[in-house]
Amino acid sequence: MTTICWFRRVLRLDDHPALVAAAADGAVIPLVVLDPEEAAAHPASAERQALSLRPLDDELRARGSRLTVRRGDPRDVLAAVVAETGASAVHTTAGFPFAGDDGLPEAVAAAGAALHLHPTADLVPRGSVRTGAGGTFKVYSPFFKALRQVPVASPLPAPALRAPGSWPATEPADWPEARRAMDRGWEVVAAAAEPGEARAARRLADFLDGAVADYPEHRDQPSRPGTSGLSDALAVGEISARRIWHEALPAWRAGAPGVETFLSELAWREFARDLLHESPGLGVRCWRPEWERFAWDGDGPVAELWRRGETGVDIVDAGMRELFATGRMHNRVRMITASYLTKHLLTDWRVGLAWFERTLTDWDPASNAMNWQWVAGCGPDASPYFRIFNPDTQAAKFDARGAYRRYWLDAAADGARRFAAAAPRSWRVEHSPRPAPVVELAAGRSRALAAYEDLRAG
Ligand SMILES: Cc1cc2nc3c(=O)[nH]c(=O)nc-3n(C[C@H](O)[C@H](O)[C@H](O)COP(=O)(O)OP(=O)(O)OC[C@H]3O[C@@H](n4cnc5c(N)ncnc54)[C@H](O)[C@@H]3O)c2cc1C
């Protein structure tokens, strides 16, 4: 029997339930489908996946297998590859939370095969962490407490792979649609990425051997490499959350410093997934419906200044430059830039969410939506709206020596040069002096608080 394993944002051989099931069925054809719609919707994330295809093919070839790459609508591609190969089954990861599975079983069945959907290798299956009353947690701390009581299944080792009698035709392992959709050179994202399963595993090992000990102290300082840097590898599935958990577990049990804090952050990712599973509209509607009446502004020139890093607030502009020039942004700075947009600039959180969705290489629909709603004040377990970050105070605390801001803002610094090279010419980055603040911080704060009082007054 020949089966197809569709690698759907699980770009690894380790801990891959769909691959293990396919290998148990017979010879395996590993398949990746590059969907132009996905490239248009989140180009940086798509490009980050494309970068992972060559290392994945290398891993497969080392085991006598190889990757088949096709582009198009997944329904059409699956039907075509089933028809060409006579495969009896397609195994893949259930689309949640990235895309629906609409029409897939029917398309595969019409071609004469069965579609088997397998769970992602998250820490626990969705819906298995429950309150005493059987509901979903709306607050993170009790969620993490309950999660700790649920056994996290061991990761599955990579299976042996049998080759089919012949291989189907393949296409080049890159994603030109993603490159075209990016509003910066794709090399910009490539230069900041470390793609591939092996490198993700090494990064985790290095982190657990070193930086994790200082993680609680350093994780909020954007100028330090104080965090794991694994979010993009997790987002494209080069490493599983279960693998991270189990690699860290012995050190956690032994009481090694920093490990519990690190795993508690990984649990935020899990919390976000549960929330999105429970509320599929998390990225579209305010989780607290009364917040739909809040007087946020829509997209416009002010939001454009934020996107370009021209608000005149150094820490905000530095963060927005980091995002554009690397596809990443430090978590503390994400919180500051998101708070500034939704509070000082009184702009709808969905405007910021959409920009992060286009530009982040670690874009994840659950984490992005939960965090934006958390910062904006309209989500479950949200940061209270009246607690408004002062970006300058935040910068003084977390970038005390100004190294992060200088790196991205001083014209002669490497970061500023990287940004200037990435930015479209029309932004005229090299010729623009640092702008005056779009809004005085005190005035922006007062305006935000007044809008909040209006909401409360109904
Ligand atoms: C407005 C906003 C939007 C965000 N959008 C995304 C997104 O689209 N994709 C994404 O992966 N993360 C998102 N985050 C969360 C966080 O910023 C990144 O996961 C983090 O910067 C990744 O760096 P790291 O891998 O070095 O994290 P580490 O500090 O090493 O943490 C380990 C892992 O825990 C998880 N994690 C850590 N913090 C969070 C968090 N606050 N929420 C959810 N998971 C977390 C990540 O998977 C991360 O890789 C967002 C945060 C904010 C404030």
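Colleague: In β2, which residue is the bridge partner of T2?
Modeller: This is a predicted model, in which local features need pLDDT of at least 70 and side-chain atom pairs count only at pLDDT 80 or more, while totals for chains, interfaces and linings use all residues. Residues are numbered from 1 along each chain as its sequence is written. Helices (H or I, at least four residues) and strands (E, at least two) are DSSP runs numbered from the N terminus, and two strands pair if DSSP finds at least two bridges between them. In β2, T2 has as its bridge partner A27.

Colleague: How many bridges join β1 to strand β4?
Modeller: β4 covers residues 89-93 and runs parallel to β1. Within this pairing, W6 stands opposite T92. The number of bridges joining β1 to β4 is 4.

Colleague: How many residues of strand β1 are buried?
Modeller: A residue is buried if 20 or more other C-beta atoms lie within 10 Å of its own, exposed if 12 or fewer, and partly exposed in between, with C-beta atoms placed from the backbone. T2, I4 and W6 point one way from β1, T3 and C5 point the other way, and all are buried. In a regular strand the side chains alternate between the two faces of the sheet. For β1 (residues 2-6), the buried count is 5 of 5.

Colleague: Is R358 buried, partly exposed or exposed, and why?
Modeller: R358 is found in helix α18 (residues 349-359). Because R358 has 18 C-beta neighbours inside 10 Å, it counts as partly exposed.

Colleague: Between which domains does the ligand shell lie, and why?
Modeller: Domain bounds come from an automatic or database domain assignment. The shell around the ligand takes residues from both domains, so it lies between domain 2 (122-152 + 197-278) and domain 3 (289-457).

Colleague: Of the 27 residues around the ligand, which come nearest?
Modeller: A residue is near a molecule if its C-beta atom, placed from the backbone, lies within 6 Å of it. Helices α12 (231-235), α14 (259-278), α17 (331-344) and α19 (365-376) each supply at least two residues of the shell. Those that come nearest are T227, S228, S231, N368 and N371.
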